Amino acid sequence: MKPFMDTQTPSTAKINVTPVIDVAMVLVITLLITAPMIARSDIEIDLPQTQTRSVEDEVRVSVTLGKDGRVAVEDHVVPAGNLAAALQERLRQAGNENVLVVVRADAGMPYRAVREMIQEVRSAGAKRIAFATRMRAGEDQ
Amino acid sequence: MFVMKKQQRETSGLYEVNVTPLVDVSLTLVCILLLSSPLAFESSITVKKSAISTAVVEQRTDADRIELRLVSVDSVLVNETTVARGELRQALVPLLEASTSRLVVVGCDDAVSHGAFVDALDHAKIAGALEIAVVGR
């Protein structure tokens, strides 16, 4: 004889997946929005601080010059002599013809190094150039 | 009759809203904001290409032409007049008010730090420069 209780409680328990889906959706949307922001090198630099900022493009290509002289295009470290070639390849991609190239250099670097980098950026065909800065806390103009 | 009253008593209690999904999403957002806040504070100052800017500047009158050159961390040449970097903004305001184009051409000596150079660009923008061009040597 089959026990009475077996017919009342099913043997398979359902897991509530709603919170998992909620969190996953939020993560996906956030990553989609912040993807252009986080595509930059992890070379440690101390950006110069400013009170002003220019109107910024959502799509940009960053070029980083680290304290130790290392150079990176977006998040790829490139040999110092290959910056122009690496950037040129990046600028040739569809939609990047008139893209803003942001030069990220350490505040303590001598201007000579930055000037040489700008020359290479220009030789690569960059039409619009900006210097990356960090907003001073509590000041926004 | 008695059965109906008992059922009403059992179902008329306070209902609890399931806040677990809300808390999950909120905590995820807080974690993302904490991690991405250093990135959000990064901004930039756009500059014009020096080759074009220099050509344009040469065609303008002397009153229109504002040239900065950082010769050291502490001193700046503003139209060939030496000004302390701390007083750069005050020196630029009357010049920019007299200028119709509000274009400032900035140069910098090789030994000066990049931080001091960007600070000069920042002062020029605060003083009212509409466009900033960077020249090489």
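Predicted model: local features only at pLDDT ≥ 70, side-chain atom pairs only at ≥ 80, totals over all residues.
Local features here need pLDDT of at least 70 and side-chain atom pairs count only at pLDDT 80 or more, while totals for chains, interfaces and linings use all residues. Residues are numbered from 1 along each chain as its sequence is written, with chains lettered from A and ligands numbered from 1 in the order in which they are written.

Let's begin with chain B. Its secondary structure comes to five helices and six strands; these are DSSP runs, numbered from the N terminus, with helices being H or I of at least four residues and strands E of at least two. Along the sequence, the pattern reads α-α-β-α-β-β-β-α-β-α-β. Of the 137 residues in chain B, 28% are buried, meaning that 20 or more other C-beta atoms, placed from the backbone, lie within 10 Å of the residue's own.

Now look at two helices in chain B. Helix α4(B), residues 88-98, packs against helix α5(B), residues 114-127, at an angle of about 45°, with the axes 9 Å apart. Axes are lines fitted to C-alpha atoms, for helices over the stretch in contact, and angles run from 0 to 180 degrees between N-to-C directions. The two helices are therefore oblique to each other, the class left over once angles under 35, over 145 and from 65 to 115 degrees are taken out. On the α4(B) side, the residues that meet α5(B) include Leu88(B), Leu92(B) and Leu96(B); contact means C-beta atoms, placed from the backbone, within 7 Å.

On to the interface. How many residues of chain A are in contact with chain B? The count is 38 residues of chain A, against 32 residues of chain B. The biggest giver on the chain A side is α2(A), with ten residues.

Is Val114(A) buried or exposed? Val114(A) is buried, because 23 other C-beta atoms lie within 10 Å. Leaving aside residues up to four places away in sequence, Val114(A) touches Leu65(A), Val103(A), Ala105(A), Met109(A) and, from the other chain, His114(B). Leu65(A) is 49 residues away from Val114(A) along the chain, yet their C-alpha atoms are separated by 7.8 Å.

How values were computed: Contact = placed C-beta atoms within 7 Å. Buried ≥ 20, exposed ≤ 12 C-beta atoms within 10 Å, placed from the backbone.
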